[in-house]
Amino acid sequence: MTNVFFPTEQEIPDKYKVSPVNQTKYLIGGELREWSGARQEVLSPICIRDGDKIEQKVLGSYPMLTPEESMQALDAAVKAYDNGKGVWPTMPVEGRIKHVEGFLERMTAVRSDVVNLLMWEIGKTYPDSAKEFDRTVEYVKDTIKALKGLDEQSSRFQREGGIMAQIRRAPLGKVLCMGPYNYPLNETYTTLIPALIMGNTVVFKPSKYGVLLHEPLLKAYQESFPPGVLNTIYGDGKTIIGPMMKSGNIDVLAFIGSCGVSNAIERQHPKPNRLRCVLGLGAKNPGIVLKDADLESAVNECVQGSLSYNGQRCTALKVLFVEREIADEFVKKFSEKVDGLGHGMPWQDKVTITPLPEAGKTQYLDDLVKDAQINGAGVVNLTGRVIDHTFFSPAVLYPVNSKMKVYHEEQFGPVVPIVPFDNISEPLEYMDNSEVGQQASIFGKDPEVIGALIDPLVNQVCRVNLNSQCQRGPDSFPFTGRKDSAEGTLSITDALRVFSIRTLVAAKESPQNKEILRGILKGTTSQFLSTDVIL
Ligand code: G3H
């Protein structure tokens, strides 16, 4: 039986208590404006017990802005960009780095508030919430380091065929930045910070869940960047995003979420060729367990890979193919391990499985389980599929086949389908037919078999993991996907590239041109054309 229970107010440890955050402000054009219109109540996935009553804790509320405000935010970004003539896009890289460093300092000052809200808003365990914050800080620092390196490389002239040129990376324009709910800070900043530091101006809309955790950062956003460089909007995406896209004034869509939503947003741009998209979308990463795999280690990796943060990671292992010879043993060990995972509140020690933030999610997962049962699978772990309000205990489904919804759909939650296979062509066919292609994991020992599997897989996904779960990190590695999984590549250095374009100043190597260039460099008459390096 699951040991989850929701606490009373009094049972919440003082350290993790949360006061309601009723956010009334939004940032446009450097001004923190006050909102007095409609509001969205924010419910925590964590329920509170009060006598017989168990209800989701109310965390506060945020403004439900209208298209009028989202267009004002975009106008502010347009003005700050000023067709590339604005203070921010023309600022030397060193100057922009200083602004981001200032932001980093202000951000770290509110760490505890952000981490606590992260935990309460999306139900991520406290250690993982803290890790998300710290990983993000590291990401920003590494971004600064990478940009210094990039700038150093661009600080010299290149000569080719009698032409000399200075090639630099320049901003793209106005970026609409929308992050996901499962990594509302980290994944948002992996696009927001590179977009800003490369000289773009930004309109930022947090995802539906994970909004209030940005409230303690609002002042830092305001104080760290020139007016209009970073603007924030809140509300119903369908209502407030459309008009901005239709205006044609968004140059880059940085979106992490579902493919359906990104398609709907992209389609509204009147000149799609002018829109660059940086997208992190769905995935259904398979784990392929071969008969000679080290079972202990494969089980550990697969449990972590499929159930860390309740399986709500785009990189999670969302289907496990296990060679039939070892399938029963694998399923037994896997189920035991899953049953041993701690269930409870995110602040409790040794807890892995926590309540789910998405409205209607437990019902959706339950439907997936029922559909699998109708089609011949069972819930094979002892504590599987216990539902308590927003909580769903992990259900291991076996044997899963292609008739079941869970074989195809991205469950993004604590349901683990295990498919036995006789021939390696089966998981490979699954990948060929899949609409997505982010990563895969292979568990085994035989170099011949693994080698033969790698080749078809690398052309279906963008990372093949050997004897380990799928994951994004380290952040210096390219993170991308094929098919409907991604557009563009993110890593510390790739993100700097994806939010910029190379542009150059070129001149024939004539004495007159050399004289002009010397004059520009000596007189610092151009910010772009410069051989200075950041020390
Ligand atoms: O949700 C998708 C994240 O990018 C996964 O990152 O593999 O570090 O958990 P992670």
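K318 is buried, with a relative accessible area of 1%, where buried denotes under 20% relative accessible area, exposed over 50% and partly exposed the range in between (1.4 Å probe, protein chains only). This residue belongs to strand β14, which spans residues 317–323; strands (E, at least two residues) and helices (H or I, at least four) are DSSP runs numbered from the N terminus. The side chain of K318 is joined to that of E410 by a polar contact of 2.8 Å, a polar contact being a pair of N or O atoms within 3.5 Å, of which, within protein, one must be able to donate a hydrogen and the other to accept it, with residues adjacent in sequence counted only if both atoms are side-chain atoms.

The model is predicted, and local features need pLDDT of at least 70, side-chain atom pairs count only at pLDDT 80 or more, and totals for chains, interfaces and linings use all residues. Residues are numbered from 1 along each chain as its sequence is written, and side-chain values use heavy atoms, with hydrogens and water left out.

Q23, in the loop between β1 (21–22) and β2 (25–28), is likewise buried, with a relative accessible area of 1%. The side chain of Q23 reaches the backbone oxygen of K25 at 2.8 Å.

With a disulfide defined as a pair of cysteine sulfur atoms within 2.5 Å, the count comes to 0 disulfides. C462 is in no disulfide, the nearest cysteine sulfur being that of C470 at 12 Å, and C462 is partly exposed, with a relative accessible area of 32%. C470 is also in no disulfide, the nearest cysteine sulfur, that of C302, lying 9.2 Å away; C470 is buried, at a relative accessible area of 0%.

The second largest pocket has a volume of about 640 Å³. A pocket is here an open set of points, on a 1 Å grid over the protein atoms alone, where a 1.4 Å probe fits and with protein on both sides within 12 Å along at least five of seven lines, and lining residues have an atom within 4 Å of a point. The second largest pocket is lined by 30 residues, of which D128, K131, Y183, S308 and R313 lie nearest its centre. At least two lining residues come from each of α5 (126–154) and α6 (186–197), and α5 gives the most, with 6 residues. Domain 1 (16–280) and domain 2 (285–474) each contribute at least three residues to this lining, the domain bounds coming from an automatic or database domain assignment.

How values were computed
Points joined across faces, edges and corners; volume = space filled by probe spheres on them.
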